[in-house]
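Subject: Structure handover

Hello,

Here is the structure I promised to pass on. Please open it first, then read my notes below.

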Amino acid sequence: MTLQYKFPEGFWWGSATSATQIEGAANEGGKGKNIWDHWYEKESNRFFENVGPESTSDFYHRYKEDVQLMKQIGHNTFRMSISWARLIPGGRGAVNQEAVTFYNNVINELLANDIEPFVNLFHFDMPLELQQEGGWESRAVVDAYAEYAKVAFGLFGDRVSKWFTFNEPIVPVEGGYLYDFHYPNIVDARRAAQVAYHTMIAHAKAVEAFRTFNIQDGKIGIILNLTPSYPRSQNPADLKASRIADLFFNRSFLDPAVLGAYPQELINILREHGQLPTTEKGDSDLLKENTADILGVNYYQPRRVKAKDHLPNPYGPFMPDWFFDNYEMPGRKMNPYRGWEIYEKGIYDIMINLKENYGNIESFISENGMGVQDEERFLEDGEIQDDYRIDFIREHLKWLHQAIEEGCNAKGYHLWTFMDNWSWMNAYKNRYGFFSVDIKTKERTPKKSAHWIKRVSEDNGF
Ligand code: BG6
């Protein structure tokens, strides 16, 4: 059979997930509390249908079955995260042996089934006690994170070679400190900038520590949600709006992580508005000397922007949105369930940008996917006929393929996600998995896309 889209030998086929979203067992196995456990206890109404993180998809008890399912659909790689609050309850000090056993078991099970684990250290889930100390606003928490990273490298680095410091570090900044969709629900750009900055310092410290461990074929990187900022038009005012949106939402992490320094224009804007974070002597060298080896790119939707229609309210809090308005392009293609635009070519534009401006760093699509509400509508003969998801993946893969043909250094594609999982405020509202999960019985059932991806992974193309 001739394939129209053949991917390079060894291409990484798999999926991604995170600890809090699948493990469940939130109060078992000696796990400490994280901010999600706490926020749900305080305000369960903020979670879709009041569903909290306590049991989620029960991976903690069902990982063996899940690894078999991954194998069945052709995964050769899988990205998971470690729950900091499970491994080190409270965030500092003694390691929880039950957690060590659990993560060892998962890693060993994956390896025994020829699935390479990619391990991420932080996916939005700050241990509660550290949040109460100030979370990422606190430099002491940065040091605690570096210690946690060392513990993880030491425990699992003999078998795990691909490590990631953070998943989408801008999301806790936006959610927790600007737009009120994560705990601690603060609206304050100066504090947001501090959180963003300290996250990058924590990243660099973890990279620095990683270099002292002799991990075979070891690579360490970061996973960023890169969202190209497309201007409404070529009008200079629209172009400026898109450039500034790009500075705030992409380059704020991409530049320090890959190039080792912040963009001067971003520094200037923050300085002009009195929003610069506190820094310490030695930080810029630390960033410069500890750039990422590998970059995970999460891509769901583009950002479209235009020049502002109205001046910002001078009495309102300073926001990145003082410099641009979001633009709803007429005729855009939408995923109406999640409310996100679908623009497949975005994946290509990101890769070309990495090639041209970021040294063509080794990268991969670490998340891409389509969340759909009420998927039971598409149930036929016991399986969800998610043709829309197959189309979504196929069309994105075509653009990724094109980028690779043009020399981009993209090594794989991971779907968000393997099985339906719990999401931060949306809980089980939007389903993303190759496998559906019955949230009562926790039973897993393949969707049509599971059969499709099996073929694509095994053929290494389509
Ligand atoms: C990414 C995150 O932002 O998108 C995941 O890394 C998240 O944790 C995924 O679940 C999908 O977004 P959502 O909000 O629909 O769950």
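Are Phe59 and Phe78 buried or exposed? Both Phe59 and Phe78 are buried. Keep in mind that this is a predicted model.

**Aromatic pairs**

The count of aromatic pairs comes to 51. Phe59 and Phe78 make up one of them, and the pair is tilted. Their ring centres lie 6.5 Å apart, with 45 degrees between the planes. Phe59 sits in helix α3 (residues 59–72) and Phe78 in strand β2 (residues 77–81), so this pair ties together parts that are 19 residues apart in sequence.

Now look at Trp84 and Tyr148. They form a stacked aromatic pair. The distance is 4.8 Å centre to centre, and the planes are 5 degrees apart. Trp84 belongs to helix α4 (residues 84–87), and Tyr148 belongs to helix α7 (residues 139–156). The pair links distant parts of the chain, 64 residues apart. Trp84 is buried, and Tyr148 is buried too.

There is also a cluster linked by ring pairs. Its members are Trp36, Trp39, Tyr40, Phe47, Phe124, Trp422 and Trp424.

**Arginines over rings**

Arg86 lies over the face of Phe102, at 5.9 Å from the ring centre. Arg303 lies over the face of Phe249, at 3.9 Å from the ring centre.

**Helix α9**

Helix α9 covers residues 189–210, which is 22 residues. From first C-alpha to last, α9 reaches 31 Å. That is close to the 32 Å expected at 1.5 Å a residue. Why call α9 largely enclosed by the rest of the structure? Because 18 of its 22 residues are buried. Asp188 caps the N-terminal end of α9. One of the side-chain oxygens of Asp188 lies 3.0 Å from the backbone nitrogen of Arg190.

**Arg304**

Last stop: Arg304, in strand β8 (residues 303–306). Its relative accessible area is 10%, so Arg304 counts as buried, the cut-off being under 20%. What does the side chain of Arg304 make a polar contact with? The partner is the side chain of Glu341, at 2.8 Å. Leaving aside neighbours within four places in sequence, Arg304 is in contact with several residues, including Tyr230, Asp325, Tyr327 and Tyr343. Glu341 is on that contact list as well.

Best wishes

Notes: Residues are numbered from 1 along each chain as its sequence is written. This is a predicted model: local features need pLDDT of at least 70, side-chain atom pairs count only at pLDDT 80 or more; totals for chains, interfaces and linings use all residues. Side-chain values use heavy atoms; hydrogens and water are left out. Rings of Phe, Tyr and Trp (its six-membered ring) pair if their centres lie within 6.5 Å; planes under 30 degrees apart count as stacked, over 60 as edge-to-face and the rest as tilted. Helices (H or I, at least four residues) and strands (E, at least two) are DSSP runs, numbered from the N terminus. Buried means under 20% relative accessible area, exposed over 50%, partly exposed in between (1.4 Å probe, protein chains only). A charge sits over a ring if NZ of Lys or CZ of Arg is within 6 Å of the ring centre and within 35 degrees of the ring normal. The expected span of a helix is 1.5 Å times one less than its number of residues. A polar contact is a pair of N or O atoms within 3.5 Å; within protein, one must be able to donate a hydrogen and the other to accept it, and residues adjacent in sequence count only if both atoms are side-chain atoms. Contact means heavy atoms within 4.5 Å.
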